[in-house]
Amino acid sequence: MNILMASSESLPFSKTGGLADVIFSLSKEFVKLKNNVSIVLPKYKTNKVIKGVKLNKIFQFDVKMNWRIIPTSVYHCYYLGIDFYFIENQKYFERDNLYGYYDDGERFAYFTNAVVKLIASLPYKIDIVHLHDHQVGLLPCVIKTLYSDKEIYKGIKYVLTIHNPEFKGYFSKDSLYDFYNLPINLYNEGKIRLDEQVSTLKAGIVFSDKITTVSPTHAKELLTYEGSKGLNYDLNLRKNDFVGILNGMDNDFFNPRTDTYIYKNYGIKDVLKGKNENKTEFCKKYNLDPKLPLFAIVSRLSSQKGIELLYPMVEFLSYTGGNIALIGSGDKEIEDKFLQLGRVNNKHIFIYIGYNEELAHKVYASSDFLLMPSSFEPCGLSQMIAQKYGSLPIVRKTGGLKDTVNCYDLSDEEKKAKDIIKDGFGFDNYSISEAILTCAKAMNLYNGRKDVYKKMVINAMKLNHTWDESARIYIALYESINK
């Protein structure tokens, strides 16, 4: 099967969050299952250069957006069994960041239109176009509306995965023709209209053959008024074509036995010794006390990640016998608030603003717990990585966090360590008191029940969060519509 993944980012070339990990890891799994896989991305100024990998220009064509005739170059490389295609345009992508610009709607409209042209230029027929999030959501609408009579596009099926429903790709109806050359009746008929604007994410929901999201629990949440972020009406209309498929993680890249980033490699048999050696080195470098439990945060600093809970959790833990290691970036106001807390209590808090892959691995390997009190979490990757490294997640039970963390509760305290099957801690309500109570429970167990703590760490490391099963579910989904 010929699969084209269309995304705004993917490892190993570009990344702002977990989307990049998902695209690359899932694509590698498809290759293992004997499929031909391509990934198309913008050619950003900030793209990472991979040693031994050269990008070659293979296509040159014009992209038409209303009055604009935009010269476009397409670059290609073959890496780990995947064909990568890069859409180059300096006006749109020669910038310091991937997102966050006033013209993002126009930038990714250009990218979408360029992908449409690329599909027609490829020397092989695409069977499945797998779209990821709102940036490319209008692609099936463009092809089905403007090019339905073109033989090259006939038979292509479209799957949309919603990774983050908070971002819907809004722009004004007046830009519909300007950006996509599409008729206004699509808006007037409500097919792409949401909140009195054009929504590229809604367009993807309406015009794709199948819609997925990244965990079973999140799929159920998106069908409810409370948890849908405004998408419940349209998703309920397509609920027979909508499914939640749990994300996996790259066990080759995230593996404490072989990880070259961490201070000391370890496995299940020597996990406590190995983690202690990592924590000792980490704390020595960043002036923390290695005898105290270390709570990690590796996260975007945004309201979605539960900042209203995270700050009081950090404050509580740092003043009651815990250390904090935070790696993240986001809203400037939130960054400054954490930096200030770190300055006030620098003997217990380490703050790194930004993203540093090597440092993140060190934090996972050195920490005893991971804090992840998300207000909503479609799937989440940090909690799965933490479990792989023997760091127990403390989560709010929402979305993929509920699907991936088996939470310790009060009834477990009466059990013997050998009977404990849990691998993390959790709470239900978006509540500061519940969040702090759960932190206290985790710290008390760490300090008072080392036998139970060790058993839970081993349980966490034994979990199978690979892509193998999920990739097979995706392939079965593709096959069901590609008959």
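Guide: Contact, or touching, means heavy atoms within 4.5 Å. Leu341 touches Tyr311, Val314, Glu315, Tyr319 and Ile349, not counting residues up to four places away in sequence.

Visitor: What kind of model is this?

Guide: This is a predicted model; local features need pLDDT of at least 70, side-chain atom pairs count only at pLDDT 80 or more, and totals for chains, interfaces and linings use all residues. Residues are numbered from 1 along each chain as its sequence is written, and side-chain values use heavy atoms, with hydrogens and water left out.

Visitor: Why is Leu341 called buried?

Guide: Buried means under 20% relative accessible area, exposed means over 50%, and partly exposed lies in between (1.4 Å probe, protein chains only). Leu341 has a relative accessible area of 6%, so Leu341 is buried. Leu341 lies in helix H12 (residues 332-344). Helices (H or I, at least four residues) and strands (E, at least two) are DSSP runs, numbered from the N terminus.

Visitor: Where is Leu138 relative to Leu341?

Guide: The two are 203 residues apart along the chain, and their C-alpha atoms are separated by 43 Å.

Visitor: What stands out in the phi of Asp195 and of Lys229?

Guide: Phi of Asp195 is near 55 degrees, a positive value in a residue other than glycine. Phi of Lys229 is near 60 degrees, also positive in a residue other than glycine. Most residues other than glycine have a negative phi, and most peptide bonds are trans. Asp195 sits in the loop between strand E9 (193-194) and strand E10 (197-199). Lys229 sits in the loop between helix H8 (216-222) and helix H9 (232-237).

Visitor: Which peptide bond is cis?

Guide: The bond joining Leu11 and Pro12 is cis, with omega about 0 degrees. Pro12 lies in the loop between strand E1 (2-6) and helix H1 (18-32).

Visitor: How do you know that the span of helix H3 agrees with its number of residues?

Guide: The expected span of a helix is 1.5 Å times one less than its number of residues. H3 (residues 104-121) has 18 residues and should span 26 Å; its end C-alpha atoms are 25 Å apart, so the span agrees. H3 is also mostly covered, with 14 of its 18 residues buried.

Visitor: Why are H3 and H4 called oblique to each other?

Guide: Axes are lines fitted to C-alpha atoms, for helices over the stretch in contact, and angles run from 0 to 180 degrees between N-to-C directions. Angles under 35 degrees count as roughly parallel, over 145 as roughly antiparallel, 65 to 115 as roughly perpendicular and the rest as oblique. H3 and H4 (residues 139-146) pack at about 60 degrees, with their axes 9 Å apart. H3 and H4 are therefore oblique to each other. The contact is made by Thr112, Asn113, Val115, Val116 and Ile119 of H3 and Leu139, Val142 and Ile143 of H4.

Visitor: How does that contact divide by class?

Guide: Ala, Val, Leu, Ile, Met, Phe, Trp, Tyr, Cys and Pro count as nonpolar, Asp, Glu, Lys and Arg as charged, and the others, Gly among them, as polar. The contact of H3 with H4 has 6 nonpolar, 2 polar and no charged residues.

Visitor: What makes H16 roughly perpendicular to H17?

Guide: H16 and H17 (residues 450-462) pack at about 110 degrees, with axes 6 Å apart. That angle makes H16 roughly perpendicular to H17. The contact is made by Leu445, Tyr446 and Gly448 of H16 and Lys450, Val452, Tyr453 and Met456 of H17. By class, this contact has 5 nonpolar, 1 polar and 1 charged residues.

Visitor: Why is H11 called oblique to H16?

Guide: The axes of H11 (residues 307-318) and H16 (residues 432-448) come within 9 Å and cross at roughly 40 degrees. That makes H11 oblique to H16.
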